[in-house]
Amino acid sequence: YHAVLVDIGLSYRAAELADSALDLIGSHRTVSALLLARGALETSAVHFYAIKQVLAAVESKDIQQCTDVLFRALTGSKVYSSAGTPPIQVLTALDHVDKEFKGVRNFYDQQSEIAHPNWWGAHGAYTGENETEDSIEFFPDQPRIGALEVARGLVMALTVLEYSHQRLGRVMPAFIATCEEWWKNHGA
């Protein structure tokens, strides 16, 4: 049940982020669109990591770690920690994705340069190329971050999500059997 909830909830989130990013590209709001694409990649990475735990549970016939990860994907929070459920760390999830899709982490780190209010995310995103010591032009309606950069992030995010989703679909019957067997052997 938790695996299905994670699959559906994170899929809806990734779809909304991707749709909104595409809407923003059309209005030349590519910095905002890139942040949404980055969020879609984070979402896909958490999905990938959670489903990887489902696959590991089927292989090991032990659902304890998988149950913990799925629960953290559903309810984890740094802010509302009274429940004591920590979230899945996005960078950990991205590192797991990077093992299967080489370069994802590097691409994410590049997106993070734009997502943060440092040079690429602020000054560099909106200035022209002819900056001098005493002269600069800002072009807020023509940021240097192009639609292609956003699209690359969206393609990466949705490819990882689809791959992970398909893996879950293939393993679900075996996962259900593993869960039933585990609970039968542990007194439930």
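Is helix 2 mostly covered or mostly uncovered, and how many of its 31 residues are buried? Here are some friendly notes to read beside the model.

1. **What you are looking at.** This is a predicted model, in which local features need pLDDT of at least 70, side-chain atom pairs count only at pLDDT 80 or more, and totals for chains, interfaces and linings use all residues. Residues are numbered from 1 along each chain as its sequence is written, and side-chain values use heavy atoms, with hydrogens and water left out.

2. **Helix 2.** The opening question has a clear reply: helix 2 is mostly covered, with 23 of its 31 residues buried. Buried means under 20% relative accessible area, exposed means over 50%, and partly exposed lies in between (1.4 Å probe, protein chains only). Helices are DSSP runs of H or I, at least four residues, numbered from the N terminus.

3. **A length check.** Helix 2 covers residues 30–60, and at 1.5 Å a residue it should span 45 Å. The expected span is 1.5 Å times one less than the number of residues. The end C-alpha atoms are 44 Å apart, which agrees. After the helix comes K61, whose phi is positive, near 65°.

4. **Aromatic pairs.** The structure holds four aromatic pairs. Rings of Phe, Tyr and Trp (its six-membered ring) pair if their centres lie within 6.5 Å; planes under 30 degrees apart count as stacked, over 60 as edge-to-face and the rest as tilted. F48 and Y163 are stacked, at 6.3 Å centre to centre with 20° between the planes. Because F48 lies in helix 2 and Y163 in helix 7 (residues 147–185), this pair ties together parts 115 residues apart in sequence. F48 is buried, at 0% relative accessible area, whereas Y163 is partly exposed, at 27%. Ring pairs link F48, F101 and Y163 into a cluster.

5. **Two tryptophans.** The ring centres of W182 and W183 are 4.9 Å apart and their planes are at 85°, so this pair is edge-to-face. W182 is buried, with a relative accessible area of 10%, while W183 is partly exposed, with 42%.

6. **R72.** Look for R72 in helix 3 (residues 64–75). R72 is buried yet has no salt bridge; D68, the nearest side chain of opposite charge, is 4.0 Å away. A salt bridge needs a side-chain nitrogen of Lys or Arg within 4 Å of a carboxyl oxygen of Asp or Glu. A polar atom of the R72 side chain lies 3.1 Å from the backbone oxygen of P86. Leaving aside residues up to four places away in sequence, R72 touches T85, P86, P87, I88 and Q89, where contact means heavy atoms within 4.5 Å.

Definitions and conventions
Helix = DSSP H or I, 4+ residues; strand = E, 2+ residues; numbered from the N terminus. Lys, Arg positive; Asp, Glu negative; His and termini not counted. Polar contact = N/O pair within 3.5 Å; in protein donor to acceptor, adjacent residues only side chain to side chain.
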